Amino acid sequence: LVMHQLAETHRTGQLQTYHSDRPVASGQVRRFESRYVPLEGGRTLALVRDVTETHLLEQRFRTMADGTPIGIFTTDAKGLCDYTNPAWQALYGLTAEESLGTGWARTLLPEDRSAVYTGWQRSMETRQPFEMEFRVQPPGGPVRRVWAQAQPILRPDGSVRAHVGAVVDVTQAHELAEARQAQAVAEESGRRQRAFL
């Protein structure tokens, strides 16, 4: 397996990253990340580190996120979606696979797309939280109004390593607010009409 990974590194000429579970001297199975960098003359720089604790934390996070009724998502360093929980998928009407990368963006209403892209790009550049309300339309479903918030996770050097965010359906809250406003207008109109009469 390692020889295949090394061959792939030199075939592509690019850094390659692999994860594997291996037993250690204590008999415990640990997760390792191996990075291979191709060098001149067919040589390879290999960097291996134990990522077991990080892997366990990610598993706990995803187990917790899978059970929450709020839409949860994470992105990679480039801001591309790499995880969504079932509540998020139900809200957007997409499968886990369809939501990855920029797949979720196809549900954005065209009128809101530019503002969402601009807001997300600004968040990536400034490393500030992303907060925005916008509309989505799941395939074959009604338009929904959502509130999204994402927090950047920074590396020690200050660059963005990932984002973790939440999305909430605020459609009903807007409908209630509009209904209350319409009722208030109707009551005021009725009051003026009675006063006129």
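In what order do the five strands of the open sheet come? Keep in mind as you look around that this is a predicted model.

Color the strands and read across: the order is 5-4-8-7-6, and the pairing is antiparallel. Now pick out the edges, strand 5 (81-84) and strand 6 (130-136), each of which pairs on one side only. On average, neighbouring strands here are turned by 25° against each other, direction ignored.

**Stop two: strands 4 and 5.** Select residues 71-75, which make up strand 4. Three bridges join strand 4 to strand 5, and the two run antiparallel. For a closer look, show Thr75 and find Cys81 of strand 5 standing opposite.

**Stop three: the helices on the sheet.** Next, select residues 52-66 for helix 2, which packs on the sheet. Helix 2 touches strand 4, strand 5 and strand 8 (160-169), and its direction makes about 55° with that of strand 5. Then move on to helix 5, residues 110-126, which packs on the sheet too. Helix 5 touches strand 4, strand 6, strand 7 (144-154) and strand 8. Compare directions with strand 6 and you get an angle of about 160°.

Where does Leu39 lie? Look in the loop between strand 2 (29-38) and strand 3 (44-50).

How values were computed
Residues numbered from 1 in each chain as written. Predicted model: local features only at pLDDT ≥ 70, side-chain atom pairs only at ≥ 80, totals over all residues. Heavy atoms only, no water. Helix = DSSP H or I, 4+ residues; strand = E, 2+ residues; numbered from the N terminus. Pairing = 2+ DSSP bridges. Axes fitted to C-alpha atoms, helices over the stretch in contact; angles between N-to-C directions. Contact = heavy atoms within 4.5 Å.
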